[in-house]
Amino acid sequence: MMRSWLVADTDADGWAAALDGIDHCFAHRRDFASLMGRAAGTRTKLFVAEGDGCKAVCPIAERSYRGATDVFTPYGFSGFAGTGDLSQLPDAWRAFAQGQGYVAGYIMQHPLAMPGRIADAWPEMSDAGRTLYCVDLTVDEEERLRALSSKKRAQRLRKWLEAASIETDQARLADAFVRLYPDLMSRRGAGSVYRFSDDILRDLVRLPDTVLVGVCDAAGEVTSVAQMGIAPACGEYLFVAAGETSSGDGDGLLWLGLRALADRGAPACNLGGGITEGDGLSDFKRRLGGEPVPIPVLRQIFDAPRYQALCATAGCDPDKTDFFPAYYR
């Protein structure tokens with residue numbers, strides 16, 4: 001049997017102890033998970049299940065609809081990570097969720113953190129219909145350049161790297177990130193989930209185990225910054241901030257991020273996916289050498305009668321929408 005409990009995002013020692021010995025990703029880290037919860041107006045907690053020689057973790061957040069609580073993974077790619085024989089984890093998670101009174105759960109799983117063979121023991125695990133693009137950083141930079149989508153693209157990138165005015169000062173890059181990020185989100189018409197307050201942005205660039213990379217224009221002004229996160233399972237491309245004059249820096253900026261992660265020993269980098277599946281952003285990450293990896297997801301109903309009642313109250317047919325939980329549609 002596995003015993004289960006929650007660790008609050010205010011318990012730094014408890015969270016660190018829970019992650020100890022587990023190959024996890026950046027979004028499993030307390031500082032990031034807590035900050036993203038704060039940005040969304042929720043509190044992030046860490047679900048922990050432990051048994052004889054095995055342990056699993058998963059950041060979760062709760063939300064309420066008409067007095068009913070469901071559970072989901074907060075912003076970022078995390079899901080379940082663990083070590084040892086986790087064949088009992090599905091039962092432990094369901095028993096915990098039902099004990100908490102959750103109606104439903106939506107857990108998006110980072111494919112590079114998923115414990116081995118867990119999908120075989122978890123029949124509800126399915127394809128989210130979304131794709132991540134991951135770059136192998138265990139090969140050297142020349143081999144990664146050869147893996148780009150075309151020789152012409154590799155040649156352009158080499159020339160950009162030779163000519164770019166690269167900024168490495170972390171304090172200067174942090175200031176530029178906070179200044180440039182809101183305008184970029186406005187120009188892109190980004191959704192509310194990506195629009196952070198200045199306080200959140202300032203805390204974001206101070207997170208441990210992150211590195212900022214950026215470039216300057218001819219006048220020495222920082223025009224674009226990318227933030228990368230570092231964790232045992234893989235590195236992550238987190239956020240970008242750029243001015244209107246930064247056009248053409250995209251490939252090079254991300255390449256600098258890959259280089260920074262490789263220098264710090266990250267085995268791979270998750271570039272993320274597109275805003276919608278198969279869009280231009282997805283294509284950009286694929287052309288940069290990212291290998292497509294499907295995102296697994298758990299869509300679970302823990303209290304079927306209440307779930308059906310909530311759907312009826314919301315006026316939706318759960319069999320006619322892919323949205324989950326359907327009553328939020």
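Contact here means heavy atoms within 4.5 Å. The model shown in every view is predicted.

View 1. The protein chain carries 10 helices and 13 strands. Along its principal axes, the C-alpha trace spans about 65 × 45 × 40 Å. The radius of gyration is 21 Å, which agrees with the value near 20 Å that a compact globule of 329 residues would have. Of the 329 residues, 51% count as buried. Take the contacts between residues at least 6 apart in sequence: 72% of them join residues at least 24 apart.

**View 2. The surface and charges of the chain.** The accessible surface comes to about 15,200 Å². Carbon and sulfur atoms account for 47% of that surface. The side chains include 36 positive and 44 negative ones. The centres of these two sets lie 5 Å apart.

**View 3. The largest nonpolar core.** In soluble globular proteins, nonpolar side chains tend to be buried together. In this model, the largest nonpolar core has 58 residues. F177, L204 and F239 have the most contacts inside it. At least two core residues come from each of α2 (30-40), α5 (151-163), α6 (170-188), α7 (198-204) and α8 (250-263). The strands β9 (210-216), β10 (222-229) and β11 (235-242) also supply at least two residues each. The largest share, nine residues, comes from α6.

**View 4. L204 and its contacts.** Leaving out residues up to four places away in sequence, L204 touches F32, L35, M36, F177, Q227 and F239. Two of these partners, F177 and F239, are listed with L204 as having the most contacts inside the largest nonpolar core. Three others, F32, L35 and M36, are buried residues of α2.

**View 5. Helix α2 and its packing.** The buried residues of α2 are F32, A33, S34, L35, M36 and G37. Which elements do the buried residues of α2 pack against? They pack against α1 (12-19), α7 and β11. Just after α2 comes G41, with a positive phi of about 80 degrees.

**View 6. H110 in its loop.** H110 sits in the loop between β6 (102-108) and β7 (125-136). Is H110 buried or exposed? Its relative accessible area is 0%, so H110 is buried. Beyond residues up to four places away in sequence, H110 touches C25, F77, S78, L132, C234, E236 and N270.

View 7. Most residues other than glycine have a negative phi. R66 has a phi near 50 degrees, a positive value. R66 is found in the loop between β3 (54-65) and β4 (68-72). With a relative accessible area of 59%, R66 is exposed. D209 also has a positive phi, of about 60 degrees. D209 is located in the loop between α7 and β9. At a relative accessible area of 40%, D209 is partly exposed.

**View 8. The cis peptide bond at P325.** Most peptide bonds are trans. The bond from F324 to P325 is cis, with omega near -10 degrees. P325 belongs to the segment after α10 (304-314).

View 9. G315 lies in the segment after α10. Why does G315 count as exposed? Its relative accessibility is 68%, and exposed means over 50%. The C-alpha atoms of G315 and G37 are separated by 29 Å. Along the chain, these two residues are 278 residues apart. C316 is also found in the segment after α10. Not counting residues up to four places away in sequence, C316 touches C311, A326 and Y327.

Note on methods. Residues numbered from 1 in each chain as written. Predicted model: local features only at pLDDT ≥ 70, side-chain atom pairs only at ≥ 80, totals over all residues. Heavy atoms only, no water. Helix = DSSP H or I, 4+ residues; strand = E, 2+ residues; numbered from the N terminus. Buried < 20%, exposed > 50% of the residue type's maximum accessible area, 1.4 Å probe, protein only. Rg over C-alpha atoms; globule rule 2.2 N^0.38 Å. Areas by Shrake-Rupley, 256 points an atom, 1.4 Å probe, with all protein chains shown as cover. Lys, Arg positive; Asp, Glu negative; His and termini not counted. Charge placed at Lys NZ, Arg CZ, Asp CG, Glu CD. Core = buried A, V, L, I, M, F, W, Y, C linked by side-chain atoms within 4.5 Å.
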